[in-house]
Amino acid sequence: MAALMKTPATTPDASRVPTGARSASAPPFWTSRRRDVLAGYLFIAPQLAGVVLFVLIPVGLAIWYSLSDWNVFTGEQTFVGADNYAALADDPQLPSVLWATAVFCVGVVILNIGLGLLLAVLLNRRFRGATFFRTLFFSPVVVSVVAWTLVWGFLLQDNGGVNGLLGTVGITGPNWLQHGDTAMVSVIITQVIRSVGVNMVLFLAALQGVPSNLYEAARIDGAGSRVMFTRITLPLISPTVLLTSIITIVGALQSFAQIAVLTSGGPELSTTVLVYYVFQQAFEFNHIGYGSTLALMLLSFVMLLTLLQWQLRRKWVFHEQ
Amino acid sequence: MNRARKLFGAVALTTALALTAACGASGDGSGSTDATNVKLRMAVWTSNQDQLKLFDTIAAAYRAQHPEISSITFESLPFDDYNTTLTTQIAGGNAPDLAWMGDLSRDLIASDALVGLTDKLKATDGWQYDDLEASATKEFSRDGTLYAYPFSTSPFALYVNTDLLAKAKQKIDPKTLTWDQVAAAGAAAHATTGKAGFVVRDFDYKSWNTLATVWTGFGAAAWSADGKKCTFTSPEMQQAFTFLHDAAFKTKAMPGPGTTADFFAGDAAFTVAQVSRASLLTDKFKYALYPLPTGPAGKYSVIGQAGVGVLTASKHKTQATDFLAYMTNPANSAKLAQFFPPPRKSLLTGAKLAADSKVLTAAQLQEAVVDQLPNAVTLPNHTSPAEIAQKGKTALDAMWKADADIPAVLKSVCSAIEPILAK
């Protein structure tokens with residue numbers, strides 16, 4: 001094909017072509033390869049523009065702000081070098097904040113993935129009302145976070161609905177949002193109930209993709225349901241477990257509205273997670289520089305955890321082996 | 001190479017045009033007086049339609065006299081996020097020309113973010129600067145210059161649900177009422193009716209600055225007069241917090257943490273709230289309004305204030321200041337007084353205030369507002385109010401447990417806020 005294309009240039013008459021017309025016979029600028037490249041860039045352009053505008057530029061600005069002290073009232077910005085990074089070590093509240101973040105993330109991830117998988121397994125059967133229960137467990141996902149949390153805020157009051165319900169069976173419930181331990185439990189459970197539907201749906205889809213002949217073969221070999229779950233189901237849905245764990249960890253690290261509405265980070269610092277602390281420092285205390293430093297720390301945590309999970313996938317994700 | 005040059009040229013030209021356009025659009029950034037087509041914007045936290053309508057009426061009358069002002073907009077920002085939204089607007093280069101302010105005033109004044117008003121107001125014909133109540137202007141002044149007009153100066157008072165007290169067979173004498181009597185009657189009302197005793201409105205075990213309405217009666221203060229030293233560890237403050245702690249956990253005169261009770265819905269026997277909250281009263285129950293009860297330190301009064309000022313970041317400082325002078329002149333102050341207790345002595349009589357009140361009598365307003373203002377103190381206010389509030393709250397959370405070590409908690413409050421006070 002290439003030889004055929006070159007044929008006109010090699011004809012004896014080619015030497016008679018005037019000099020000015022030689023360029024017309026040169027290969028065109030818009031070759032099919034260049035067209036493909038351009039089309040590719042045009043396809044990714046909207047997404048790329050979004051990433052540049054809403055991710056790369058803000059991250060770049062956050063890095064710049066973290067190196068400066070900004071008086072928001074006067075607009076005066078002073079370069080302070082690594083002072084804000086050094087302040088991380090001197091912040092007496094930061095250890096409590098990091099501990100609360102870790103407890104919240106671990107609690108949310110374990111409960112969310114565990115409960116999501118359990119619900120998916122239970123609802124991955126044909127029985128009357130299965131669709132109703134799937135809808136029921138998924139419905140909180142579509143409710144506004146703030147509305148959901150406000151309602152739970154009332155229910156978890158000392159004289160609220162949860163303690164009222166416990167009272168009917170003779171249990172005196174704790175003052176959920178006023179004690180450190182129960183406040184953290186309340187925030188975690190509120191978050192899990194609201195978001196477990198997403199993981200449930202993902203697990204349901206994964207479970208329905210597991211070939212039924214594998215279970216038949218295992219049954220013939222005398223495997224029980226526990227063995228079938230651990231040796232067949234779990235390995236085959238492990239890519240979904242990886243996906244949900246990444247989504248859930250990132251989501252947990254970014255949980256803000258639940259904390260802001262339900263506890264405002266209290267009592268004491270028991271529910272002040274890192275993202276809420278970033279908001280407090282940057283937007284309530286007007287420490288934009290220090291808030292940006294904390295935001296970059298949060299970003300690095302998210303990236304590190306995601307990278308770690310991605311690297312570990314080869315060890316436990318079925319299709320990656 | 002040619003293509004690269006052309007591209008660079010196009011980018012440079014576009015940038016130059018954009019910058020030129022931006023500079024052209026910046027208008028009279030210096031705040032000159034000869035500008036035309038001036039658009040003013042005032043940030044407020046009210047969304048009350050009657051109040052906004054009054055502002056619009058005043059603005060329309062001003063614009064009729066000043067054709068250079070093409071529009072005056074009142075931007076309602078949610079109260080809960082007001083400070084955050086306002087500072088974000090300022091930081092983002094989108095500051096309003098005028099703004100209401102509460103506890104943010106100290107930061108704004110300290111940062112020279114507000115335009116001094118005294119000279120303009122004194123120079124305005126008929127404005128009557130000397131008519132302002134001294135206790136009302138103190139909070140918004142520095143070195144003799146007023147930076148915000150205290151458009152709302154509302155004393156805290158004791159609202160009483162007399163129906164609930166009658167049910168609990170409790171009688172109080174407003175002339176000699178003390179905090180101990182309020183606590184005793186509140187505890188009895190709670191025990192008899194199941195409703196709450198007394199509620200410090202908006203406290204909710206978070207906004208601890210509102211407790212100044214109680215601790216001032218015990219002779220306590222959050223910090224020294226110069227704002228440098230924390231005084232939470234004083235014996236008076238310990239006495240005040242012992243009283244509050246007992247009320248919450250021993251006598252149950254005050255609803256405990258995590259329990260909601262709205263006085264205006266009939267859920268409590270007493271509440272401490274600003275007089276401006278009287279609009280929430282309905283005919284659901286019989287009520288009375290008294291000055292704050294006497295504490296161990298004697299009689300006292302506390303006011304909550306809101307001011308309005310011109311931001312130095314405004315592109316139209318001169319016009320904004322002129323409009324503020326018009327909006328707060330004696331005639332317009334009288335109109336605003338129907339919603340906000342005014343700072344002008346000429347308007348501060350029980351009869352004048354009662355003319356605009358649907359629920360309170362002239363005698364009640366004279367006693368609870370007019371008589372209280374001259375010696376009133378304001379709620380604690382300082383630079384970095386949000387940081388002080390949060391760190392103080394974090395430390396005070398340990399107070400709201402039945403077995404709290406009160407002196408130790410108060411000491412931890414000082415440890416938490418003293419570094420901020422010292423800045």
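## Nonpolar core

In this predicted model, the largest nonpolar core counts 174 residues. Those with the most contacts inside it are B:Leu114, B:Tyr159, B:Phe198, B:Ala240, B:Leu244, B:Leu324 and B:Val413. Helix H4 of chain A, residues 94-123, supplies the largest share of this core, with 10 residues. Both domain 1 (34-154 + 304-375) and domain 2 (167-302 + 377-421) of chain B give residues to this core, so it lies between them.

B:Leu244 is one of the residues with the most contacts inside the core. Leaving aside residues up to four places away in sequence, B:Leu244 touches B:Leu211, B:Val214 and B:Met254.

## Two domains of chain B

Chain B splits into domain 1 (34-154 + 304-375) and domain 2 (167-302 + 377-421). Taken over C-alpha atoms, the centres of these two domains of chain B are 29 Å apart. Their contact takes 22 residues from domain 1 of chain B and 17 residues from domain 2 of chain B.

## The domain 1 side of the contact

Which elements of chain B each supply at least two residues of the side of domain 1 that touches domain 2? They are helix H4 (105-110), strand E6 (149-161), strand E10 (302-310) and helix H14 (362-370) of chain B. H14(B) gives the most to this side of domain 1 of chain B, with 4 residues.

Notes:
Residues numbered from 1 in each chain as written. Chains lettered and ligands numbered in written order. Predicted model: local features only at pLDDT ≥ 70, side-chain atom pairs only at ≥ 80, totals over all residues. Core = buried A, V, L, I, M, F, W, Y, C linked by C-beta atoms within 7 Å. Buried ≥ 20, exposed ≤ 12 C-beta atoms within 10 Å, placed from the backbone. Domains from an automatic or database assignment. Contact = placed C-beta atoms within 7 Å.
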